[in-house]
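The following paragraphs lead through a multi-chain structure, from a single residue to the assembly. Please keep the sequence and the structure in view while reading.

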Amino acid sequence: MTAALIALLFVQAIDSTSPRPGPRTIAIDDRLAADAGLKIGDRVVVASSPGGLGDTVVVGAIMHGRADPSEVARSEYRARMHLDQLQSLAGYGDRVDRFAIGTRSEPGADSALRAINSVAFGFRAHRSRDIAVETSRTFLVVSRFHRAIGVITIVASAIFLLCIMLLKVDERRRDIAALRLLGISNRSIIRGVMVESALVAVLGSAMGVALGWIASLIINWHYRGVYRTPLAFAVVTPGIVELAVALSLVLGLGAGLLAGRRLVGQPPLDLLTGRSESRRSSRAAA
Amino acid sequence: MTLLVVARDLSRNYHMGDELVHAVRGVSLDVDDGDYLAVVGPSGCGKSTLLNLLGGIDRPSGGSVEIGGDRVDRMRDADATRFRLLRVGFVFQRFYLMPALTALENVELPLAEAKVTRRDRVARARELLAYVGLAARLDHRPAQLSGGEQQRVAIARALANRPRLLLADEPTGELDAHTGAEMIALLGRVNADGTTIVVVTHDEDLARAAKRVVHMRDGLVVDDRRQDAP
Amino acid sequence: MLLRLVWSSLVRHRARTVLAVLGVAVSAAMLLDMVMLSSGMRASFKNLLLSRGFQIRLAPKGTLPFDTDATIGDATAVSSTLRAISGVATVSPVLGGQLYVTRGDRTTTTIALGIDPSVQGDYEIVAGRSPRSANELVASDDFLRATGTKLGDTLSAAAGFDPQLRAVTGRRALVLVGRAHFIYMAAAQNAVALPLQTLQQMRGEPARDRVSLFMVRAASNDRVDRVLAEIERALPRVTAISTETAMRQVDERLSYFRQLAVILGAVSLGVGFLLVTTLVTVSVNERLGEIIVMRAIGVARGRVVLQVLLESTAIMLVGAVAGLGLGLATARYLNSILASFPGLPAAIDFFLFEPRDAWTALGLLAVVGVLAGIYPSWRGASLPIAVTLREEAVA
């Protein structure tokens, strides 16, 4: 009923100085108050059709928008009024959309549920959390979508990191070759490369977290303004930070290992003189 | 004898940290067309810098360089590049061949840049490689050639566009004595066929093969004498 | 010769080149997906709205079609008014509701559309026929599966419940005469369509002479705006929505995805740019000697720059082509995720491929490839020849 009747309600502000005996109060949302220039104490007429006869009511309260994701993209105004008044205005009779029931205890909720459903006809009782699961399906879809994008980003990052490590290590192949000629073991060299890549990954992820946090501030500021809601659209949690850093570390160590092993697999003299490079290019171009 | 190269009061200074290094100080040098000049001196005396100034790959801090009547020191980069392509040939100590190109393709490179048709440049490259004794190595890449062979290819490349002047910086520096002797003979033949050569070298044999020897020290020419060709 | 040098440079470090191409391919795939996302939803929705040729929709004042339970009263009069407007070719009234179909001891809830079968635009018959009489209906395949019914079966359907009497209201026996594909329904949704008056009668007084929506077809596309203006003048109690207005509403509701598409697309381009520019920079640094010697022997700076630019552009383009296939595959996967939005018409695709999108992505990547190579190539080709030769010799 709520959604249907809200669509039917038309609010007309009237001269607030006109004296009317005992009008009832309504609560309107802050967007309607801002857009229609209404404040507490103003008198308005609510009717079920445009320009139709209705009831004069007083704005008794202004509701702030809820951080409700399901209402984010919806642009309707919201108002709350006394049930019997809305039923009368909308011609709905003695009907409601739902009852919300609070029980004294958790076990009490289960028994109440069973009792209601055993006698229900034309309606059913549900646990609030079950309703929440159903109504949050939209956001589960969005979450899955975000996760898929995240996976693709991680794959791209892994390739990028591996490419960068390969480049970095290749650039210093002569230094590494000289170290090997001096007697430094392959193991030490690989370990050194992995430490370097791990450091790059950790530093990079720290910068990324900072960047992500700043981005989340901008996103929230922007979308809160667009949708006029207190909802948080992007949140950086400790868990997310831990995941990002851990993933970066794993990718960095992996990239370092692969790059290092590739390098120590070549004879040091070839690395120094570039012979392997020439041989490869000759083979490739032939 | 006409003058091909006229250098007047050439100087070149570099900043190395806080120090100002005078690599070449007020060098004046005339080179006749068809001459064969060796510039010798201890390491750091400025001979390679002088060669670079003569070839237009470096700009002097002072003085002038004329090659065939053209003021090389005043040319814009694009003009100097074109000048080097068509009028000057360079040979470097480390050969600097393109590793992925064959000997033939390395010689073709400056011809392609000069917009010579493919047929003509292949023919010219073959001719040059035969001239330097590498007719059987056309399709070999630098990695498949010895040091001496690579330097021959480098000389062939330098001669591709028939330059009037060939500048060589330590052409025998990376070669053994036997190969070096071959290189000296080749350069002699190139000069005998009409190309003016200026070579910078530590190699006494190469210096003796030249018609004229210029000694440098501390950025100055300290001696300049003609000598008979061997 | 130039292409030869470009090729030789790329194959010199094959592992590096392959990785860079892979990295660009993933970026290109993401970029293509985002280009498809930014335009796909809109194009898909527009195609859906216009699939049956109805350019205008009328909904209760201040609402979008089926956005709320509100209905339009005096539907007969409204219908007559609409038909009288010059330029209106067809008027299709639609009433939405729910029916409760009982079969044995099982009751299935289904969405019900009350329509005028002669002008309806909500379904396409797959088997059987449209209703011809008051007590006939057509149903979706999901409904048939859920109820275990087939064409020709008679169903017992009710429109509501009376909890005080503990009885259903508006019960009717309806014959299933057709299987239909419901154009605007979400996937896996039970749906039936029956004559408008039948549904109105079943729902009783609250639905008497009421509809949820009118769909209007203008005689020609050029006259849509004029017809719309006429409708708004003649019927101030309803909201008339053209396809363009509906698209704007959709844009608003789905603006998040378009913005996400722009941001992720830009990030993809940025990542691709960084990858290629890093690769080209290292590649140039490694062969400074070769580059400088080319300058020394007389190869023009522009040609050297062009060689390096061709390398970076080649990596981008090869990566882009590889990314095209990858992008189509990931788009399919991402579309399957978003297609499970509750209530979304099954016909909507978020990722709609048009060749123009591929060209757009390719063009962007080519430009980025050029930009990625410009700085390192120009820097390498502009180094002082003598100094660099000396440094290379020392190195």
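V126(C) is exposed, because 12 other C-beta atoms lie within 10 Å of its own; a residue counts as exposed at 12 or fewer such neighbours, as buried at 20 or more, and as partly exposed in between, with C-beta atoms placed from the backbone. The residue belongs to strand 4 of chain C, which covers residues 123–128. Strands are DSSP runs of E with at least two residues, helices are runs of H or I with at least four, and both are numbered from the N terminus. Leaving out residues up to four places away in sequence, V126(C) touches R179(C), A180(C) and H181(C); contact here requires C-beta atoms, placed from the backbone, within 7 Å. Between V126(C) and M215(C), which are 89 residues apart along the chain, the C-alpha separation is 22 Å.

The model is a predicted one, in which local features need pLDDT of at least 70 and side-chain atom pairs count only at pLDDT 80 or more, while totals for chains, interfaces and linings use all residues. Residues are numbered from 1 along each chain as its sequence is written, and chains are lettered from A and ligands numbered from 1 in the order in which they are written. For chain C the mean pLDDT (the predictor's confidence in each residue, from 0 to 100) is 88, and 99% of the residues score at least 70. The complex as a whole receives an ipTM of 0.80 and a pTM of 0.74 from the predictor.

Chain C contains 12 helices and 12 strands. Its radius of gyration is 31 Å, well over the 21 Å that the globule rule gives for 395 residues, so chain C is more spread out than a compact globule; the radius is taken over C-alpha atoms, and the rule is 2.2 Å times the number of residues to the power 0.38. Along the principal axes, the C-alpha atoms of chain C fill a box of roughly 100 × 50 × 35 Å. Of the 395 residues, 44% count as buried.

An automatic or database domain assignment divides chain C into domain 1 (2–48 + 253–394) and domain 2 (62–236). The centres of these two domains, taken over C-alpha atoms, are separated by 51 Å. Their contact takes 8 residues from domain 1 and 5 residues from domain 2. On the domain 1 side, 7 of these residues are nonpolar, 1 is polar and none is charged; Ala, Val, Leu, Ile, Met, Phe, Trp, Tyr, Cys and Pro count as nonpolar, Asp, Glu, Lys and Arg as charged, and the others, Gly among them, as polar.

Chain C also meets chain A, with 39 residues of chain C in contact with 34 residues of chain A. Helix 2 of chain C supplies the largest share of the chain C side, 10 residues. That side divides into 22 nonpolar, 9 polar and 8 charged residues.

The largest nonpolar core has 154 residues, and those with the most contacts inside it are C163(A), V39(B), V24(C), L31(C) and V276(C). Such a core is a set of buried Ala, Val, Leu, Ile, Met, Phe, Trp, Tyr and Cys residues joined through C-beta atoms within 7 Å. Helix 2 (residues 14–50) of chain C gives the most to this core, 19 residues. Apart from this core lies another, of 54 residues, including L137(C), Y184(C), L196(C) and V227(C).

Methods: Contact = placed C-beta atoms within 7 Å.
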